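Colleague: I am new to this one. Could you take me closely through a single part?

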Amino acid sequence: FPYTAGLLFHDDLYRRRGRGSFDEAFVRPPSSTRHILHPETYVSNVEPVAMRFPMALTPARRKLLAEGTLGEMDLQVLLNQYTPELVKPLASQWRGGEFRLEEEKGSGNGRPVLTFGFTMESPEAARALLAAYRKVLPLKWKQFEVTESTADRLKGRGDFGPFETWIDGPVMVSIEGGQLK
């Protein structure tokens with residue numbers, strides 16, 4: 001994590017709670033990058049929204065390689081890499097995130113399938129994130145072909161096969177690669 005953000009986090013805690021706050025952060029460490037970037041969420045015990053993908057998104061023909069959480073910092077990095085002008089208005093609306101990396105069984109080439117999602121502050125923020133991700137996809141892939149595009153869904157083919165990205169309330173989900181159905 002950037003040293004400056006960590007330093008500012010501890011400075012904020014020290015100003016709020018005094019000398020013991022440094023020890024407190026080791027006894028009860030921040031649970032997300034949002035706590036570091038917005039110390040008031042740490043102080044007030046605001047936890048990230050837990051997000052679990054429906055099992056239907058993981059067909060039996062896939063092997064799980066890795067899974068975990070995505071923090072506000074991850075969203076900042078993704079946006080900053082391709083659309084830096086959208087980092088400030090979108091990243092601070094992050095409320096939770098998860099990813100799953102799988103491999104198509106029997107594909108012979110270990111085709112990766114990436115499923116990830118971000119829970120945002122509101123459905124409007126999720127829609128704005130999808131609009132931003134529409135700008136990201138053609139920049140991160142050499143091959144980019146859209147087969148369906150609405151305000152709430154984007155579908156097509158990229159470097160690793162088909163992709164589908166959609167919003168469901170305050171959540172944006174994306175599946176990239178492999179066979180989607």
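What is the volume of the largest pocket? And what surrounds it?

Modeller: The model is predicted; local features need pLDDT of at least 70, side-chain atom pairs count only at pLDDT 80 or more, and totals for chains, interfaces and linings use all residues. Numbering starts from 1 along each chain as its sequence is written, and side-chain values use heavy atoms, without hydrogens or water.

The largest pocket has a volume of about 350 Å³. A pocket is an open set of 1 Å grid points, over the protein atoms alone, where a 1.4 Å probe fits, with protein on both sides within 12 Å along at least five of seven lines. Volume is the space filled by probe spheres on those points, joined across faces, edges and corners.

In this model, 18 residues line the largest pocket, each with an atom within 4 Å of a point. L78, L114, F116, K140 and E176 come closest to its centre. Four elements each give at least two lining residues: α5 (72–82), β2 (94–104), β3 (112–120) and α7 (123–140). Helices (H or I, at least four residues) and strands (E, at least two) are DSSP runs, numbered from the N terminus.

By type, the lining holds 14 nonpolar residues, one polar and three charged. Nonpolar means Ala, Val, Leu, Ile, Met, Phe, Trp, Tyr, Cys and Pro; charged means Asp, Glu, Lys and Arg; the others, Gly among them, are polar.

For contrast, look at α1. G18 follows α1, with a positive phi near 85°.
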